[in-house]
2 protein chains.
Amino acid sequence: MKVEEAIQILKNDGHKYTNKRRDIISLFVDEDKYITAKYIQEALKDDYTGLSFDTIYRNLYLFKDLNIIESTEIDGEMKFRIACQSHHHHHFICESCGTTKVIDFCPMDSIKQQLPNVEIASHKLEVYGKCEQCKTV
Amino acid sequence: MKVEEAIQILKNDGHKYTNKRRDIISLFVDEDKYITAKYIQEALKDDYTGLSFDTIYRNLYLFKDLNIIESTEIDGEMKFRIACQSHHHHHFICESCGTTKVIDFCPMDSIKQQLPNVEIASHKLEVYGKCEQCKTV
DNA sequence: ATACATGCAAACAATTTGCATATTA
DNA sequence: TAATATGCAAATTGTTTGCATGTAT
């Protein structure tokens, strides 16, 4: 997703366009990987007056609601990335740097056949490891 | 896994066999589903003198190390279940009661082909929803 | 002008640690 | 008895909330 697009979504839903929101969204677009609230705080700490965690979290949940970002939970903390707008897919996630790679495959069709009597609400498929840059050569 | 087996693993690895450990392991075997530290505390609170969270956690991590239990992280908290000793598989997990169903399928073979240059360390595939008992009829 | 956004400080919940005591082998 | 297990109490970490103030519309 592009920054402009995210800002449109924000405005269309009646929210205000602030510098901090723009900065957070820009950061997501620039980084294009999973990052934590702490990462955002670090990255923007010198900018203007910095950002408090409460503001970060409030915005993260807002952006999540608006489908501007997506989230996952790894090692006890939430990580967020700019939303991928292509068709449904999954991610490889680098444990070192958070970089993602698209996994263009979803096994849910086969899996649903194995679960006839349950009501499926969601699923999580993630592959973890080291990306080219982070793996020891 | 059976209770006796878990106790053998514990003893063979030089740990002591205490009533609390037996109770926790029994609970895991009886419940046969994902439960939290809090659930364990509730379940065993009237037993003898109860259990403190520090003891619960210390034992959970010990059992995890010994592969007596397996864990997953859902909604910000760790959940644990008695280890499944069959071949590699995944789980459907009921969001209401923690009951699991085996998903006898793993898509990693196809996925690995899509990730040629990375070093894969692990993966997570879980399906969430409501089991027969918990889904609204 | 008014509603929404932010910061501060404090609350929270799950988990972890240090240390003294109790218990198993 | 010697080593490990446990409880207590307090620290830690990630996240959330109440309230007063600041800012975009």
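This report describes the surroundings of DNA strand D in a predicted model, with attention to Y61(A).

## Basis of the model

Residues are numbered from 1 along each chain as its sequence is written, and chains are lettered from A and ligands numbered from 1 in the order in which they are written. In this predicted model, local features need pLDDT of at least 70 and side-chain atom pairs pLDDT 80 or more, while totals for chains, interfaces and linings use all residues; side-chain values use heavy atoms, without hydrogens and water.

Y61(A) belongs to helix α4 of chain A, residues 53-65 (helices are DSSP runs of H or I with at least four residues, and strands are E runs of at least two, numbered from the N terminus). Y61(A) counts as partly exposed because its relative accessibility is 42%, between the limits of under 20% for buried and over 50% for exposed (1.4 Å probe, protein chains only).

Together with F53(A) and Y57(A), Y61(A) forms a nonpolar surface patch of about 290 Å² accessible area. Such patches take residues with over 30% relative accessible area and no salt bridge, nonpolar side chains being joined within 5 Å and like charges within 9 Å; a salt bridge is a Lys or Arg side-chain nitrogen within 4 Å of an Asp or Glu carboxyl oxygen. Areas follow the Shrake-Rupley method with a 1.4 Å probe, and for residues only the protein chains shown count as cover.

## Surface near DNA strand D

DNA strand D is surrounded by 21 residues, the closest being Y57(A), Y61(A), K20(B), R21(B) and D54(B) (near means a heavy atom within 4 Å).

Two or more residues each come from α4 and β2 (77-82) of chain A and from α2 (19-31) and α4 (53-65) of chain B.
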